[in-house]
Amino acid sequence: MGEYVEKRDTCGTICLKYLLFIFNFFFWLAGVVVMAVGIWTLAEKSDYISLLSSSIYAATACILVVAGAVVMLTGILGCCATFKERKNLLQWYFALLLFIFLLEILAGILAYIYYQQLSKDLKTNLRVTMIEKYREPGYEKITKAVDKLQQEFHCCGSNNSLDWTDSKWVKGPMSGGRVVPDSCCKTKVTGCGKRDHPSNIYKVEGGCITKLEGFIMTHLKIIGAVGIGIACVQIFGMIFTCCLYRNLKEDTPY
């Protein structure tokens, strides 16, 4: 009977080891995805971040980058801990899983909070940013972001093209007689912003605020879903780790 119990425990331990190894392989791949989403947000969409008054959007992306990097390292540690059957490594592995779990839940919560605040943030700040900082000294990054926003989303102004009539730049001599930036034009050429006819600029397509809001909201959903989704998967990893830890023989070296 004693031999049977020992054999049964050994088989259970082997099954747990392979389950945990498979989990760690997919967990490592998930880390790559999480890190990629965070880096893409910071690198590819960094111009739009400069148009937001709140830093929550950028902070959420940074958390995903950190979490993704730690996930990849944890996946490697998990494989080592599983096959070496070292309880001390399993303890570190479990602690890292818990840390990443909390990080990703935090990223998901931040994404949800900013999702609720986004509309108010844009309505309060985007128009002011455009009319007061566009083409002004020291605000080159915002100028680049506004031009990119209007060209990519085929829009002009925050609410509509008339917003530019209050712009410091349009009222000043540096505009060269333009009534809107050249980035409002359907075919962008130097000086095209002098003519604001609907055939020339994005006048009837609507303002940029609703399009930027829709874009960021979609991206926040992706960030939140990735963070919370992978955090939920990690629960299985923690359960497997606890089971393997308990199944290891008491004389397993620490």
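Start by selecting L212. Skip its neighbours within four places in sequence, and the residues in contact with L212 are Y48, L51, L122, L126 and L149. Keep in mind as you click around that this is a predicted model.

Now widen the selection to the nonpolar core. The largest one has 65 residues, and L212 is among those with the most contacts inside it, along with L51, Y57, L149, W164 and I216. Colour by helix next: α1 (2-44), α2 (46-49), α3 (56-84), α4 (87-133), α5 (140-152), α6 (168-171) and α7 (208-247) each put at least two residues into this core. Which helix gives the most to this core? That's α4, with 14 residues.

On to the cysteines. Show their side chains and look for three disulfides.

- Select C155 and C208. A disulfide joins them, S to S 2.0 Å. The torsion about their S-S bond is about 100°, so this disulfide is right-handed. C155 sits in the loop between α5 and α6 while C208 belongs to helix α7, so the pair ties together parts 53 residues apart in sequence. Both C155 and C208 are buried.
- Finish with C185 and C192, joined by a disulfide with S to S 2.2 Å. The link of C185 and C192 is right-handed, at 110° about the S-S bond, and each of these two cysteines is buried.

Count the bonded cysteines in sequence order and the pairing reads 1-6, 2-3, 4-5.

Two further cysteines are worth a click. C62 is partly exposed, with a relative accessible area of 37%, and C242 also counts as partly exposed, at 38%.

Last stop: colour by pLDDT. The chain has a mean of 82, and 92% of its residues reach 70 or more. Select residues 1-9, where the pLDDT is below 50; beyond near neighbours in sequence, this stretch has one contact in the model. Then jump to residues 250-254, also below 50, where the stretch has eight contacts beyond near neighbours in sequence.

Terms used: Residues are numbered from 1 along each chain as its sequence is written. This is a predicted model: local features need pLDDT of at least 70, side-chain atom pairs count only at pLDDT 80 or more; totals for chains, interfaces and linings use all residues. Side-chain values use heavy atoms; hydrogens and water are left out. A nonpolar core is a set of buried Ala, Val, Leu, Ile, Met, Phe, Trp, Tyr and Cys residues joined through side-chain atoms within 4.5 Å. Buried means under 20% relative accessible area, exposed over 50%, partly exposed in between (1.4 Å probe, protein chains only). Helices (H or I, at least four residues) and strands (E, at least two) are DSSP runs, numbered from the N terminus. Contact means heavy atoms within 4.5 Å. pLDDT is the predictor's confidence in each residue, from 0 to 100. A disulfide is a pair of cysteine sulfur atoms within 2.5 Å.
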